[in-house]
Amino acid sequence: MAGTEIFGKPGRRRRVGSKAENRKRREMLTTRAAVITEPGAPWELIDLALDPPGPGELLVEFVASGLCQSDESMRKGTLGGDVRYPIVGGHEGAGIVREVGVGVQGIAVGDHIVCSFRPSCGRCDFCAAGKSYVCELSRRTMKGALPSGEFRFHRDGVRYGASAMLGTFSQFAVISQSSCLVVEKDIPLQTLAVLGCAVPTGWGAAVNTAQVQPGDVVVVIGAGGVGMNACQGAQIAGASQVIVIDPVQAKIEAATAFGATSGYTSLAEASDVILSTRRGGADAIILTAAVPSIPAEAVAMLVPGGNLTIAALGDPKTFRLDVPIAPMALRNLSIRGSAIGSSNFRDTIPRLISLYRDGKLKLDELVTKHYTLDEIGPGFDDLAAGRNLRGVVLH
Ligand SMILES: NC(=O)c1ccc[n+]([C@@H]2O[C@H](COP(=O)([O-])OP(=O)(O)OC[C@H]3O[C@@H](n4cnc5c(N)ncnc54)[C@H](O)[C@@H]3O)[C@@H](O)[C@H]2O)c1
Ligand SMILES: [Zn+2]
Ligand SMILES: [Zn+2]
């Protein structure tokens, strides 16, 4: 609770006293949060007022939040998309429900939840078609408002958005029931937090988007939080080879524990190995590093019918595709975008928890270091310096 003032115990604040008293109490709910005031500004730690949950919303006390590259790109202004600032960072988190708004179904005070950075309304065309990873609500996540259109964080009359409608770099947040899933209480929330982004994004990029088949040759470019999970996904899907590419030697070595069968510091260095596999190339190449030159290089190493799956995000001004078109048609290749690993989180998160319980999916090993909330800047510095697979903030 360090640095956070809250009036009474949040879980006990409901419907006690007159409306005026309740309003006064709620006005006093403040939370410490790491925010981005404008693109390029450093992470700033401030106290924000937090409005109570509206219909379909809940107050969550975050316990742990992963440090994903996407939030640092949002800070730098290179994420792509129409981000509205100021915004509370953090979109990979797990916590405890402290209060529920009217109309919330299947979620109660005290429940443990994992959040998904892509909400699922359950009703739109995309959700109905089993593609909740592109739920119509996700078109609005860059704005940082909740699905209701409301901003619950504010200070001095300024409304603060929340990264991916979550804001997991705040100890307390109001989120939508569309953005979370109740999980069992026996696994620590600090273990489960990475299920909010890195794990489904990487695992799903291999299993769902690239559709890795038993015996496939898979190349994973970038062995960070997302890439390690692409390795795990490819291994679980039965790939015969999982070749990892990362300039940081220590990450290549770490990737072997996540299913990589070999590793190289550049795609060029790996090309002979990739081209001399049984069918003369890779069935799938999964891109988790925003390096503009790689897509063209990668497409040339695919077997006919192979796919380049893109999970990496990057500055739209520089991270663009420049790929010869004719081979795409003649060799029946495809380039696939992969949002949260094309994962439907209500199905995927329980599935991943089962794999973890069975010892088939690594979660704890993904976390290199824990940080306090005021160490978010140094935490992202460690990520940039190649020291972390995943850093996790413990609130
Ligand atoms: N599509 C999605 O839904 C989604 C979700 C989460 C993150 N992302 C994006 O995925 C990317 C990876 O995120 P992360 O949190 O794993 O970041 P990360 O920093 O942990 O991993 C990136 C890795 O790429 C490596 N790398 C750098 N240059 C390279 C090169 N030339 N060749 C190969 N590897 C190189 C780095 O050493 C690092 O290990 C980011 O662009 C992030 O914004 C996308
Ligand atoms: Zn992320
Ligand atoms: Zn939907």
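Author: Buried means under 20% relative accessible area. Keep that cut-off handy, since what you see above is a predicted model.

Reader: Okay, which residues of α6 are buried?

Author: The buried ones in α6 are Gly225, Val226, Gly227, Met228, Asn229, Ala230, Cys231, Gln232, Gly233 and Ala234.

Reader: And why is α6 called largely enclosed by the rest of the structure?

Author: Buried residues make up 10 of the 12 in α6, so the helix counts as largely enclosed by the rest of the structure.

Reader: What do the buried residues of α6 pack against?

Author: Quite a list! They pack against the helices α5 (198-209) and α7 (249-255), plus the strands β11 (217-221), β12 (241-245), β14 (282-287) and β18 (390-394).

Reader: What about Asp82: buried or exposed?

Author: Exposed means over 50% relative accessible area. Asp82 has 54%, so Asp82 is exposed. You'll find Asp82 in the loop between α2 (69-76) and β4 (87-88).

Reader: What makes the link between the side chains of Asp82 and Lys143 a polar contact?

Author: The pair has to be N or O atoms within 3.5 Å, with one able to donate a hydrogen and the other to accept it. The side chains of Asp82 and Lys143 meet at 3.1 Å, so that counts as a polar contact. Leaving aside neighbours within four places in sequence, Asp82 is in contact with Met142 and Lys143.

Methods:
Residues numbered from 1 in each chain as written. Chains lettered and ligands numbered in written order. Predicted model: local features only at pLDDT ≥ 70, side-chain atom pairs only at ≥ 80, totals over all residues. Heavy atoms only, no water. Buried < 20%, exposed > 50% of the residue type's maximum accessible area, 1.4 Å probe, protein only. Helix = DSSP H or I, 4+ residues; strand = E, 2+ residues; numbered from the N terminus. Contact = heavy atoms within 4.5 Å.
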